[in-house]
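Colleague: I have a few quick things to ask about this one. Can we go through them in turn?

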Amino acid sequence: MRTCGFGSLLLALLIWIIDINGKKKWSLFFESFGINPLYLYVQADVLAVILDKCGIASYVYTDVLAPLFGNFGGSLAWAILFVVLNWIPGYWLYKKRIYIKL
């Protein structure tokens with residue numbers, strides 16, 4: 001129950017900051033996710049399967065990120081890296097004004 005209320009307050013705050021006050025520059029990173037959300041959802045799933053089957057995901061986490069940042073920090077670093085990997089094609093589509101719809 002509390003999480004829904006906090007989420008609603010956060011959404012209201014973001015609407016006030018971005019839409020009403022026009023402070024959009026900092027939210028540009030997230031805009032590409034909102035333009036093609038279904039495509040990026042499918043892309044993230046396909047990319048996760050490919051990285052897992054090739055062993056790249058476990059190598060990057062186990063041999064690179066976990067020794068540098070520890071288990072929790074390495075997990076966070078992998079999550080951020082994965083989001084950025086998915087953002088790159090989404091941003092390219094956003095810049096080229098390619099909108100994938102059903």
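Predicted model: local features only at pLDDT ≥ 70, side-chain atom pairs only at ≥ 80, totals over all residues.

Colleague: Which residues make the nonpolar surface patch?
Modeller: Phe6, Leu10, Leu11, Leu13, Ile15, Trp16 and Ile20 make a patch of about 730 Å². Patch residues have over 30% relative accessible area and no salt bridge, with like charges joined within 9 Å and nonpolar side chains (Val, Leu, Ile, Met, Phe, Trp, Tyr) within 5 Å. A salt bridge is a side-chain nitrogen of Lys or Arg within 4 Å of a carboxyl oxygen of Asp or Glu. Areas come from the Shrake-Rupley method with a 1.4 Å probe, and for residues only the protein chains shown count as cover.

Colleague: Where is Ile15?
Modeller: Ile15 is in helix H1, residues 2-20. Helices are DSSP runs (H or I, at least four residues), numbered from the N terminus. Ile15 is partly exposed, at 39% relative accessible area; buried means under 20%, exposed over 50%, and partly exposed in between.

Colleague: New topic. At what angle do H2 and H4 pack?
Modeller: About 75 degrees, with the axes of H2 (residues 28-35) and H4 (residues 56-95) 9 Å apart. The two helices are therefore roughly perpendicular, a label for angles of 65 to 115 degrees. Axes are lines fitted to C-alpha atoms over the stretch in contact, and angles run from 0 to 180 degrees between N-to-C directions.

Colleague: Which residues make the contact?
Modeller: Leu28, Phe29, Glu31, Ser32, Phe33 and Ile35 of H2, with Val83, Trp87, Gly90, Tyr91 and Tyr94 of H4. Contact means heavy atoms within 4.5 Å.

Colleague: Is Tyr94 buried or exposed?
Modeller: Tyr94 is buried, with a relative accessible area of 17%. Leaving aside neighbours within four places in sequence, Tyr94 is in contact with Leu28, Glu31, Ser32 and Ile35.

Colleague: And what is the phi of Arg97?
Modeller: Positive, about 55 degrees, although Arg97 is not a glycine. Most residues other than glycine have a negative phi. Arg97 is in the segment after H4 and is exposed, at 65%.

Colleague: Last one: what does Lys23 touch?
Modeller: Ile17 and Ile18, not counting residues up to four places away in sequence. Lys23 is in the loop between H1 and H2 and is exposed, with a relative accessible area of 52%.

Key. Residues numbered from 1 in each chain as written. Heavy atoms only, no water. Buried < 20%, exposed > 50% of the residue type's maximum accessible area, 1.4 Å probe, protein only. Parallel < 35°, antiparallel > 145°, perpendicular 65-115°, else oblique.
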